[in-house]
Amino acid sequence: MDASDLIDELIQREGGYSARAADKGGPTRFGISEAVARAHGYRGDMAKLPPDTAAAIYRADYWTKPGLDRVADLAPDVAAELFDTGVNMGTGTAAGFLRRALNALNRSGADYADIPASGAVDTATLGALKAFLRTRGPAAGTVLVKALDALQGARYIALAETRPADEAFLYGWLVNRVG
C-alpha cells in the first residue's frame, strides 16, 4: 500500500489555512502546524504552505518514520487508521493504541505474548500484529480498526472533559476521525 491516496485524502479533509485561537497547534495549513512546517525548513507564510510540502511532511513524519509502511504490508486498513490517528494525536499515541489493542485481543497471552503498552511500532509490535491476524482470521483487521477507533473516541471525549476549549473541536473530531 502506498500512502499517497491517504495523504491526498487527508490534505483535502484538513482543508486550507486555519488560525483558531482555541487550537493549541497554532496556525495550520492542510493540517500541518507552523512548528512542524518550520522544523522541515519551511520559512514562508503558513497561509501559503504548498500542498506538496504538506504531503512530503506527512509521508516522512506520519507514515515512514513511525513504521506504518510496514504495518500496511500486513494490514492496510490498520495502517490507514494509525496514520489518521497519528496525524491528529501524535504517532506515539497511535502506536500506543495499537499496542494496547493487540494486548487486549491476545486472549490473555494465549495467542501471543503481551508487548509494552507504550512505544513505537517495532519488531515486537509487528510480530504481535502478524500473530493476531493469523489467529483471528479474515475479520481480524476490521476488529482491530474498531478497537483503535474506540480508543481514539474515548481519548477525544477525555480531552474535551479536561480542557473545555477542546469542546469546540469534539464534534468535528468524532465526525471526521472516528469510524
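The following passage describes the overall fold of a predicted model and the surroundings of selected residues.

Because the model is predicted, local features were considered only at pLDDT of at least 70 and side-chain atom pairs only at pLDDT 80 or more, whereas totals for chains, interfaces and linings use all residues. Residues are numbered from 1 along each chain as its sequence is written, and side-chain values rest on heavy atoms, with hydrogens and water left out.

The secondary structure of the chain amounts to nine helices and three strands, where helices (H or I, at least four residues) and strands (E, at least two) are DSSP runs numbered from the N terminus. In sequence order these elements follow the pattern α-β-β-β-α-α-α-α-α-α-α-α. The C-alpha trace spans about 55 × 35 × 25 Å along its principal axes.

Of the 179 residues, 43% count as buried, a class defined by a relative accessible area under 20%, with exposed meaning over 50% and partly exposed the range in between (1.4 Å probe, protein chains only). The chain exposes about 9,000 Å², of which carbon and sulfur atoms supply 53%; accessible areas come from the Shrake-Rupley method with a 1.4 Å probe, and for residues only the protein chains shown count as cover. Among contacts (heavy atoms within 4.5 Å) between residues at least 6 apart in sequence, 52% join residues at least 24 apart. The mean positions of the 20 positive and 22 negative charges lie 3 Å apart, with Lys and Arg counted as positive, Asp and Glu as negative, and His and the chain ends not counted; each charge is placed at NZ of Lys, CZ of Arg, CG of Asp or CD of Glu.

Helix α1, which covers residues 4–14, has Leu 6, Ile 7, Leu 10 and Ile 11 as its buried residues. Seen down the axis of α1, these buried residues fall within an arc of 135 degrees, so they line one face of the helix, the arc being that of the directions from the helix axis to the C-beta atoms. The cover over the buried residues of α1 includes α3, α5 (76–89) and α9 (167–177), while the face turned away from the buried side carries the exposed residues Asp 5 and Gln 12. Gly 15 follows α1 and has a positive phi, near 75 degrees.

In the strand region, Phe 30 is found in the loop between β2 (28–29) and β3. Phe 30 counts as buried at 9% relative accessibility, and its phi is near 55 degrees, a positive value in a residue other than glycine. Ser 33, placed in strand β3 (residues 32–33), is likewise buried, with a relative accessible area of 15%. When neighbours within four places in sequence are left aside, Ser 33 is in contact with Gly 25, Pro 27, Thr 28 and Met 46.

Two further loop positions were examined. Gly 44 lies in the loop between α2 (34–39) and α3 (51–64) and is partly exposed, with a relative accessible area of 28%; its C-alpha atom is separated by 9.9 Å from that of Glu 34, ten residues apart along the chain. Ser 108 occupies the loop between α6 (91–104) and α7 (123–136), where this residue counts as exposed at 79% relative accessibility. Although Ser 108 is not a glycine, its phi is positive, at about 55 degrees.

Helix α8 (residues 140–162) contains Gly 153, and Gln 152 is also found in helix α8. Gln 152 counts as buried, at 0% relative accessibility, and, leaving aside neighbours within four places in sequence, is in contact with Glu 81, Asp 84, Thr 85, Met 89, Phe 97, Arg 177 and Val 178. Gly 153 is buried with a relative accessible area of 11%, and under the exclusion of neighbours within four places in sequence it is in contact with Leu 174 and Val 178. The C-alpha atoms of Gly 153 and Thr 125, which are 28 residues apart along the chain, are separated by 22 Å.
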